[in-house]
Amino acid sequence: MTTHSLPTGRAIVLTYVLVVVLAAASWIAASLGTGTGLALAIAAVKTIAIALVFMELIASPASDRVIAVIAVLFVALMCAGLLGDVAFR
Amino acid sequence: MSFWTEPRGVKSWLLTRDHKRIGVMYLVAVLVFLLLGGTFALILRLSLVEPDNALVSPHTYDKLFTHHGIVMVWLFMIPSIPSAFGNIMLPLMIGARDVAFPRINLASFWIFIAGAIVVLVALVAGGVDTGWTFYTPYSTSTPTATTCAAIGVFVTGVSSILTGINFIATVHTMRVEGLRWRDLPLFVWAIYATSIILVLATPVLGLALLLVAADHAWALGLFDPNTGGDPVLFEHIFWFYSHPAVYIMILPGMGVVSEVVSTASHRKPAWYGAIVFATIGIALVGFLTWGHHMFVAGMSTFDVGVFGILSMLVAIFSAIKVFAWTSTMYGGSITIATPILYVFTFIFLFVFGGMSGVAVATSSLDVHWHDTYFVVAHFHFIMVGGTMTAFLAALHYWFPKLTGKMYSETWGRLGCAAVSLGFIVTFTPQFLLGNAGMPRRYATYPAHFQWLHVVSTVGACLLAGGLVVTLVYLIAAIKNGKPAGANPWRSASFEWRSPSPPPPENFAEPPRWDRGAYDYGDAA
Amino acid sequence: MTSLAQVRRFRVAVWTVIASEALLFSGLFGLYWSYRDEYPRAFDAGVRIDIAWMGGVNTFVLLTSSFAIAWAVHAMRHARTRVVARCLVAVLLLGGVFLALKIAEWTVHISEGVVPGGAYYTGPWNGRGSSLFFTLYYFMTGLHALHVIAGMVLIAWVALRVRARTLTGDDPHALELVALYWHFVDAIWVFLWPMFYLMRA
């Protein structure tokens, strides 16, 4: 019950290269002073790559993916609730 | 040959992997804690008979309501139906031999007991006076045994998470052949939804307690205004768990109600799909509403508005369920017995409790009611009028399955009457008290409130009496009750297909899902 | 031999554990973003005080360890047990490097008076919230480090099973599940790194 087959060795290597490149980009962007949004966006892309390929969500049944999505949404919910308080006082 | 006697010996119980034995041990434990928490409440109510409260000092009063809350919430309410009846009934209802991870199930129980012991140590060694809500900065600076209690509750939280993981894995992977998600009994759906909340919300409580303990021990100052900290942020983290926690407490109760309503009416539940939708809806939307506990804490008006609206939303799901239950009973041929009598009490009190919830969710009104007895009445209507009543319904409904005996129906009805009437007399005056301005957690009060307090205390004595009587006749019935058959309620649900009490392996041969759990042969 | 049903059960359970752990950290993330909004200057200063190269190296170390364990899972499915063993040793070594750097970093901070807790903080002062940044820093990286240690214990257990040949290409599931946990631990750091080392105001 999977949409894709398991990640190949090549996919694993490419994902590693991707996340390292993104990390380097993050570092460079930070030294240039580009701020919060970009750093978080890069972090999100790295996490998605890790989740889809290293954690094999791309080849996992729907229930595993649902659990992962819910986890992310709820962390965001917590941050939104607290920030929505402090930022709008 | 039943699970009670096979295998033999105390060690075989203490190290059991049988979900039924683990459930029974949880049941005994939560009943003990119900009595303990109830004793704290009774002392509180007795002390409140006099406006100047000669019975207890103000500081003792603070400890009493804190201990009442901590014991009732974490040692009774949260585990009561899921860990006791969920454990016993879940595998039986899906045709499984046990839960997904029996050894982890056993670990869950002992971790729960360990946490409970640490909590009890805290209560005895100095006590806790912060309220069950552990608000900072008081909780991080009070010299009482707060850290010890926080650690104890943290440990029981670990037990909850393990139970939740176990139940989720069980429902996902251990249904008997042919049992699809859309055929699951409503109690199973309720336990599944509860488990989702258990695994997602309890870690947040874990963090909150960890922060209280660490801050208390090492003066972290994360919520201390002197370091720039904000106590309201602690409240956010605490209620992010504690609001969904109340759905941990009520959803299993609603599952019990669905089962008893269906069995007693000899009809399949009306609007099955809607009830399932509402069950999952409560579990998820329940996470969106926590700020309504903090309307007057100093939150932004933006958050107040958002949480107010979302809190209204969650009531819709409960309303769907009440209409579905009523619809199931309407036109059905109801067999009156103690379980359905408790269900009538549940529906009646839950509706009032729920409506008062919508009332306090209205932020402009809550400004008046917050931290008064009105809120206390609201949540006791749900927690006691709802969850505890459902717990008693479950106890009476599944008693014959568990013990193979039947209790005296006369005593059952008497007990139900005492508990129901006692509850109403205890908590209805508290709506009036709160609305008139009586603050919660106050040991003394102005003299003109006395008559309402006295009425409430009389009710509490009746409620306590009803509970004690109930436990007495149930325990007597274990020994002297008339033998009940495998299915005294003539229910179509799966758990009644096994003998009463079930053998260790649940079913004599692997069951086949050849008809539905609600197949009463009616067309509607 | 783990049956297909058992594998499914364990995988659902591990994903549920991961979701649980994510929620454990969630409140801390919420606190960080709220206090950052309230005290932008103090948080900006805190980020600059944190030792950038250590954070960067640690990020590279963890990402590489994730790659190593993903490679181990891949190799295990092709029954290349020697590769698996080497990868697992690599993960453990990298984990050790991560923890060593962390301890070194904390030691440097402590010697400068940058300690957790407002009461004892004697480090650089950049307005209200200065000590809050570092309290959160210690708490979050500390909690994360605990999870790194837990992950390493699990990986060591798996490595021993590979050595004892009770974990093989036919039954690689324990390794796959432990790998899932390790990737999660890495993912948490993926966010901690910008929060504490990169994002200036």
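Where is the place of Asn53(B)? Asn53(B) sits in the loop between helix H2 (19-47) and helix H3 (58-94) of chain B. This is a predicted model: local features need pLDDT of at least 70, side-chain atom pairs count only at pLDDT 80 or more, and totals for chains, interfaces and linings use all residues. Residues are numbered from 1 along each chain as its sequence is written, and chains are lettered from A and ligands numbered from 1 in the order in which they are written. Helices (H or I, at least four residues) and strands (E, at least two) are DSSP runs, numbered from the N terminus.

- Most residues other than glycine have a negative phi, and most peptide bonds are trans.
- Asn53(B) has a positive phi, near 45°, and is not a glycine.
- Asn53(B) counts as partly exposed because it has 19 C-beta neighbours inside 10 Å. The scale is: buried if 20 or more other C-beta atoms lie within 10 Å of the residue's own, exposed if 12 or fewer, and partly exposed in between, with C-beta atoms placed from the backbone.
- Phe134(B), also not a glycine, has a positive phi of about 50°. Its place is the loop between H4 and H5 of chain B. Phe134(B) counts as buried, with 28 C-beta neighbours inside 10 Å.
- Pro137(B) is found in the loop between helix H4 (102-124) and helix H5 (146-173) of chain B. A cis peptide bond joins Thr136(B) to Pro137(B), with omega about -5°.
- Glu6(B) and Pro7(B) are joined by a cis peptide bond, with omega about -15°. Pro7(B) lies in the segment before helix H1 (10-14) of chain B.

**Helix packing in chain B**

- Helix H6 (residues 186-218) and helix H8 (residues 272-285) of chain B pack at an angle of about 15°, with axes 9 Å apart. Axes are lines fitted to C-alpha atoms, for helices over the stretch in contact, and angles run from 0 to 180 degrees between N-to-C directions.
- That makes H6(B) roughly parallel to H8(B); the class takes angles under 35 degrees.
- H6(B) contributes residues including Trp189(B) and Ile196(B) to the contact, and H8(B) residues including Val276(B) and Thr279(B). Two residues are in contact if their C-beta atoms, placed from the backbone, lie within 7 Å.
- By class, this contact has eleven nonpolar, one polar and no charged residues. Ala, Val, Leu, Ile, Met, Phe, Trp, Tyr, Cys and Pro count as nonpolar, Asp, Glu, Lys and Arg as charged, and the others, Gly among them, as polar.

**Two sites in chain B**

- Leu452(B) belongs to helix H14 (residues 450-480) of chain B. Leu452(B) counts as buried, with 21 C-beta neighbours inside 10 Å.
- Not counting residues up to four places away in sequence, Leu452(B) touches Pro429(B), Leu432(B) and Leu433(B).
- Pro510(B) is in the segment after strand S2 (482-483) of chain B. Pro510(B) counts as exposed, with 12 C-beta neighbours inside 10 Å.

**Chain interfaces**

- Chain A puts 34 residues in contact with 36 residues of chain C. H3(A) gives the largest share of the chain A side, 13 residues. That side divides into 25 nonpolar, seven polar and two charged residues.
- Chain C puts 28 residues in contact with 28 residues of chain B. H1(C) gives the most to the chain C side, with 18 residues. That side has 13 nonpolar, eleven polar and four charged residues.

Methods. Parallel < 35°, antiparallel > 145°, perpendicular 65-115°, else oblique.
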